[in-house]
Every structure is written in structure tokens, then in C-alpha cells.
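Here is a short briefing to read alongside the model. Keep the sequence and the 3D view open as you go.

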Protein chains: 2
Amino acid sequence: MARAATTSDAFNAIAEPRRRQILTYLAGNERQVSEIVIAVGLDQPSISKHLGVLREVGLVHVRRNGRHRLYRTNAEAIRPLHEWTATFERYWQHTLLRVKQRAEAQMGRQPESDRNTHKEKP
Amino acid sequence: MARAATTSDAFNAIAEPRRRQILTYLAGNERQVSEIVIAVGLDQPSISKHLGVLREVGLVHVRRNGRHRLYRTNAEAIRPLHEWTATFERYWQHTLLRVKQRAEAQMGRQPESDRNTHKEKP
DNA sequence: TTGACATATTCCTATATAAGCATGTAATGT
DNA sequence: ACATTACATGCTTATATAGGAATATGTCAA
């Protein structure tokens with residue numbers, strides 16, 4: 001079996017970075033396609049195809065205005081993703097707590113001179 | 001260009017439903033592979049390959065214990081997804097507010113007999 | 001009508017799966 | 001050493017892109 005279609009659900013649709021970029025750009029503001037083309041920096045057909053995917057899974061709304069089409073992010077459609085990720089919230093809070101507790105234990109045990117001697121990002 | 005690799009980031013990795021199922025199953029509990037096989041209902045090689053993807057993007061942690069490998073969801077790695085979706089939170093709150101307000105306006109204006117006469121999905 | 005502008009769609013190709021099946025590898029018990 | 005258990009990896013195939021180029025569709029203006 002191949003990978004599920006990008007249009008099969010919101011999870012697959014937002015896997016593509018440019019589509020996330022488009023959704024961010026269209027959050028709260030209506031924009032016509034030519035504006036999106038400039039903002040995202042892809043050619044018009046590519047943008048139209050990404051918009052097609054986002055339309056098909058309901059992540060954007062379209063409205064026609066003369067020869068323009070005004071797109072806007074449909075935030076409601078992102079909500080299920082938010083809720084799925086939220087089910088893990090309590091676990092990363094636990095992780096943070098453990099990290100914090102370990103850090104504090106170190107601070108208590110080690111002498112002043114040994115603090116702040118962590119390796120930096122290489 | 002083809003679609004980005006499933007291992008390119010957490011967004012691509014979680015696009016696959018079985019991988020989300022695995023992450024949910026492994027949230028908070030360590031489990032060995034054979035348990036995941038039973039819980040998810042795929043054959044062992046498929047599960048191992050899904051776990052490989054999740055490992056590569058850091059969505060799970062592994063620990064060896066004799067001939068078993070104990071997997072656990074790394075909730076921290078899901079946090080960026082949660083935060084990305086959270087940027088749309090204010091917009092869906094607005095949407096809900098508008099929907100509610102429109103509904104209330106309709107209720108006030110229309111007579112009882114005209115309510116609930118919406119077109120169904122064709 | 002004709003032309004110009006705005007957007008969508010079609011055709012093409014390189015690339016990447018996901019699942020099934022077979023096989024490889026590592027750890028344990030006897 | 002050998003069989004067994006527990007996973008991981010390699011191979012194959014049908015399918016689905018994402019972007020580029022070319023073209024089609026739709027709308028307004030003169």
C-alpha cells in the first residue's frame with residue numbers, strides 16, 4: 001500500500017511545509033491567490049494545487065470576488081489536530097517536571113563553581 | 001519533487017494513522033513490541049517499521065531489556081505540533097462566536113415554523 | 001468580440017512510501 | 001553449541017505525490 005493521500009485528512013494535508021505556511025498566512029485574513037504566490041514564493045500553479053488540497057480537506061474557505069478568489073483559513077478544521085496533540089500534554093508536563101527536579105537536585109548538590117558549565121549546542 | 005519523507009519531521013511522521021495509534025498507546029506506558037503488535041493489529045515487521053520512523057524523528061524512546069525493547073512515547077516531540085495548531089486557537093474561538101451569534105439572530109427573527117428547514121447534504 | 005488578467009487543471013517525472021514476505025541479528029535457556 | 005524467542009531489515013509492488021511547463025477556464029473592460 002502506498003502512503004495515504006494528502007487529501008485524506010487534515011493530518012496528511014498539513015504534513016507539507018508550504019501548506020502550513022499558507023495556512024498561517026491565511027489565518028484571520030482573506031487573501032487572493034496572487035498574494036499567496038508572492039508571500040510563499042512558489043509559482044502560481046503550485047500554489048493553486050496546494051490550495052486545492054487544503055480546500056478538499058476543508059482547511060480553507062474560498063469566496064469568489066470578480067476574477068479573484070479570496071481564501072481564508074478555516075481554523076475549525078485545525079481543531080481536531082490540536083485536540084489530538086493535547087492528549088499528550090500531561091505527559092510532557094511530567095517530563096518537564098522531572099527535568100526541573102533533576103536540575104534542582106544538581107544545583108543543591110554541586111558547588112557554585114560547577115554551575116553553568118554545561119556544554120553548548122555544538 | 002515527491003512528497004517529503006515520513007522521517008523528515010514529526011508532521012510527516014504522524015500523518016500515518018497507525019503511527020498515531022501507536023503514539024497514543026505508548027503515551028505514559030512502556031510497552032514491548034509484541035504488545036504493540038497485538039494492540040494495533042498489524043504484523044510485527046510493519047510495526048517495527050512504523051517504530052523505526054517514530055524513532056528517527058524522536059517521537060518515541062527505546063530501552064533494551066534483555067531480548068525485549070521497551071518503547072515509550074516522547075511527548076516532548078509532540079509539543080511543537082501542539083504549539084503550531086495553538087496559533088489558530090483564537091481564530092476558531094472567533095468562528096464559534098460568530099456561528100453562535102448568527103444562530104441567535106436567526107432564532108430571534110424567524111417564526112417557529114421556519115426553523116429547522118435547512119437543506120441536508122445532497 | 002477581443003484582449004488581458006486571475007486562477008485552475010492537465011501532463012510529465014523522480015521519488016517515496018506501506019504492507020507482505022523472507023531473512024538477518026541479538027539475547028536467553030539448556 | 002543449538003534451538004528459541006524477540007525484533008529489525010531487505011526486497012518487491014501498487015500508488016501517490018510535488019513541482020515544472022503548457023494549457024484551459026472564467027471574468028471583466030473597452
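The notes below cover confidence, the DNA-facing surface, the chain contact, the sheets and the helix packing.

This is a predicted model, in which local features need pLDDT of at least 70 and side-chain atom pairs count only at pLDDT 80 or more, while totals for chains, interfaces and linings use all residues. Residues are numbered from 1 along each chain as its sequence is written, and chains are lettered from A and ligands numbered from 1 in the order in which they are written.

**Confidence**
- Chain A has a mean pLDDT of 85, and 78% of its residues reach 70 or more; pLDDT is the predictor's confidence in each residue, from 0 to 100.
- In chain A, residues 110-122 have pLDDT below 50, and beyond near neighbours in sequence this stretch has two contacts in the model (a contact means C-beta atoms, placed from the backbone, within 7 Å).
- Where pLDDT is low, the predicted coordinates should not be read in detail.

**The surface near DNA strand D**
- DNA strand D is surrounded by 30 residues, the closest being A:A2, B:Q32, B:V33, B:S34 and B:P45 (near means that the C-beta atom, placed from the backbone, lies within 6 Å).
- Both chains contribute: α4 (44-56) of chain A, and α3 (33-40), α4 (44-56) and β3 (68-73) of chain B, each supply at least two residues. Helices (H or I, at least four residues) and strands (E, at least two) are DSSP runs, numbered from the N terminus.
- With six residues, α4(B) gives the most to this surface.
- By class, the surface has 10 nonpolar, 10 polar and 10 charged residues. Here Ala, Val, Leu, Ile, Met, Phe, Trp, Tyr, Cys and Pro count as nonpolar, Asp, Glu, Lys and Arg as charged, and the others, Gly among them, as polar.

**Where chain B meets chain A**
- Here 27 residues of chain B are in contact with 27 residues of chain A.
- On the chain B side, α1 (10-13), α2 (17-25), α5 (79-86) and α6 (89-109) each give two or more residues, and α5(B) gives the most, with six.
- That side of chain B has 13 nonpolar, eight polar and six charged residues.

**Strands**
- Chain B has an open sheet of three strands in the order β1-β3-β2, with antiparallel pairing (strands pair if DSSP finds at least two bridges between them).
- Its edge strands are β1 (31-32) and β2 (60-65), each pairing on one side only.
- Two bridges link β1(B) and β3(B), and B:R31 has B:Y71 as its bridge partner in β3(B).
- In chain A, six bridges join the antiparallel strands β2 (residues 60-65) and β3 (residues 68-73); A:R64 is partnered with A:R69.
- These chain A strands form a hairpin with two residues between them, and A:G66 in the turn has a positive phi of about 65 degrees.

**Helix packing in chain B**
- The axes of α3(B) and α4(B) come within 9 Å and cross at roughly 110 degrees (axes are lines fitted to C-alpha atoms, for helices over the stretch in contact, and angles run from 0 to 180 degrees between N-to-C directions).
- These two helices are therefore roughly perpendicular. Angles under 35 degrees count as roughly parallel, over 145 as roughly antiparallel, 65 to 115 as roughly perpendicular and the rest as oblique.
- B:V33, B:I36, B:V37 and B:V40 of α3(B) make this contact with B:Q44, B:I47 and B:S48 of α4(B).
- α2(B) and α4(B) pack at about 75 degrees, with their axes 10 Å apart.
- In this second pair, B:R18, B:R19, B:I22 and B:L23 of α2(B) meet B:H50, B:V53 and B:L54 of α4(B).
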